[in-house]
Amino acid sequence: MEVTARAPGKIILAGEHAVVHGYTAVASSINLYTYVSLRLRSDDEDTIKLQLNDVGLDFSWPIERIKEVLSHFGPPFSSTPTPCPQGTVKSLAALVDEQSLNVTKTGIASGVYAFLWLYTSILGFKPGTVVFTSELPVGAGLGSSAAYCVALSAALLAFSDSVKLDVSQKGWLMFEESDIELVNNWAFEGEKIIHGKPSGVDNSVSTFGNMIKFKSGCMTRINSNMPLRMLITNTKVGRNTKALVANVSTRKSRHPDAMGYVLNAIESISDEWSTIMQSNAVDDLSLTANEEKLRELMEINQGLLLSIGVSHTSIETVLQTTMKYKLGSKLTGAGGGGCVLTLLPTSIHFRNLFNLFFYICANYLFLFFSIVR
């Protein structure tokens, strides 16, 4: 029997980094997805296999070897999302190292640890094959790791006793609300393995979709009355999310008062962004006014992110380009490279849009367009 699950990527519209410290962020899902196919095999096939198609890596572990390493495991506990103990992470690392695929240098080792933890926690030692494919660039600030964990958790839970889902049906199925929350909580445990101390906003928006407001683990859905057109430029500069988050925390500990003012200002931007998105633009004039406010908020937000050390010369180059066309842009996600958001107002001139697209495509290769609601 086989099941396929998918989860979307995300963009942070306002509040990245501040959200890690308990402040508000606003995020939205985007129409780029990660797909997971899970096929359970008969018990006489004694392996768990993982295929990461986009990076060309295949893993295979004998069930007995996994049982040796995780000998303290009892029955699966799919209904109880549980953090992975540090000692167990080391055991999982040993399992990955035995594959001799040198995944540490590729930066995906922690994602494989998360896979092993989620799989064995939810399904135990059932033999199976999991295949990943994704439309999301890795390490670009679009929530690739969260989509990975959400899609994996959904596929695994579909075969567990903890959710009500008829996997014999064909076509896409929706989890019930309580089951969606279980998917989200398990995905968060996977994100912890990958990133250390994530805020939870990435997995939440990937799980629930659309636009959300997030603070200190609490999520509120935003009923947007104002669809936005966002241009997403990938600078193709890789970065380490965990290191960037740690650097901001270090700066906060060294300058608590100054950083407190900055993070409070970022939260104010998130709150205002949420208010604007839920307001009723009754005509083109009010819509244009709202878009202008959002443009200004993006510029202020970017300036604050620059002040806490998470921008990059590649990001600033994109900003200088979009400023020529009087467009608002900001980094999204951890920064240090990755992706840049640019708000495309409804009034933008076609020639300016064409010239911008041409320049970015010629210099940055990867360009996405998303309608944010």
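User: What span does helix α4 reach from its first C-alpha to its last, and what is expected at 1.5 Å a residue?

Analyst: This is a predicted model. In it, helix α4 covers residues 109-123, which makes 15 residues. From first C-alpha to last it reaches 21 Å, close to the 21 Å expected at 1.5 Å a residue.

User: What makes α4 count as mostly covered?

Analyst: The count of buried residues does: 15 of the 15 residues in α4 are buried. Just after the helix, Gly124 takes a positive phi of about 75°.

User: Why is Ser121 called buried?

Analyst: Buried means under 20% relative accessible area. Ser121 has a relative accessible area of 0%, so Ser121 is buried. Its place is in helix α4.

User: Which residues is Ser121 in contact with, leaving aside neighbours within four places in sequence?

Analyst: Ser121 is in contact with Phe73, Pro76, Phe77, Ser78 and Trp186. Its side chain also reaches the backbone oxygen of Trp117, at 2.7 Å. The limit for a polar contact is 3.5 Å, and the distance of 2.7 Å falls within that limit.

User: Which residues of α2 are buried, and what makes them line one face of the helix?

Analyst: The buried residues of α2 are Thr88, Val89, Leu92, Ala93, Leu95 and Val96. Seen down the axis of α2, the buried residues fall within an arc of 155°, so they line one face. An α-helix has 3.6 residues a turn, so residues three or four places apart point the same way.

User: Why does Thr88 count as buried?

Analyst: The cut-off is under 20% relative accessible area. Thr88 has 5% relative accessibility, so Thr88 counts as buried. Thr88, in helix α2, is in contact with Leu70, His72 and Trp117, leaving aside neighbours within four places in sequence.

User: Why does Ser153 count as buried, and which residues does it touch?

Analyst: Ser153 has its place in helix α5, residues 144-158. With 0% relative accessibility, Ser153 counts as buried. Not counting residues up to four places away in sequence, Ser153 touches Leu118, Val183, Trp186 and Ala187. A polar atom of the Ser153 side chain lies 3.4 Å from the backbone nitrogen of Ala187, and that distance is within the 3.5 Å limit for a polar contact.

User: How do strands β3 and β4 run, and how many bridges join them?

Analyst: They run antiparallel, and six bridges join β3, residues 47-52, to β4. A pair needs at least two bridges, and the six found here meet that. Ile48 stands opposite Trp61 in β4. The two strands form a hairpin with four residues between them, and in the turn Gly56 has a positive phi of about 65°.

User: Which residues of β4 are on its covered face, and which are on the uncovered one?

Analyst: In β4, residues 57-62, the covered face holds Leu57, Phe59 and Trp61. Asp58, Ser60 and Pro62 make up the uncovered face.

User: Which residues touch the most other members of the largest nonpolar core?

Analyst: The largest nonpolar core has 105 residues, and Leu38, Trp61, Phe115, Met230 and Trp273 touch the most other members. Apart from it lies another core, of eight residues, including Ala25, Ala27, Val201 and Val205.

Notes
Residues numbered from 1 in each chain as written. Predicted model: local features only at pLDDT ≥ 70, side-chain atom pairs only at ≥ 80, totals over all residues. Heavy atoms only, no water. Core = buried A, V, L, I, M, F, W, Y, C linked by side-chain atoms within 4.5 Å. Buried < 20%, exposed > 50% of the residue type's maximum accessible area, 1.4 Å probe, protein only. Expected span 1.5 Å × (residues − 1). Arc of directions from axis to C-beta. Polar contact = N/O pair within 3.5 Å; in protein donor to acceptor, adjacent residues only side chain to side chain. Contact = heavy atoms within 4.5 Å.
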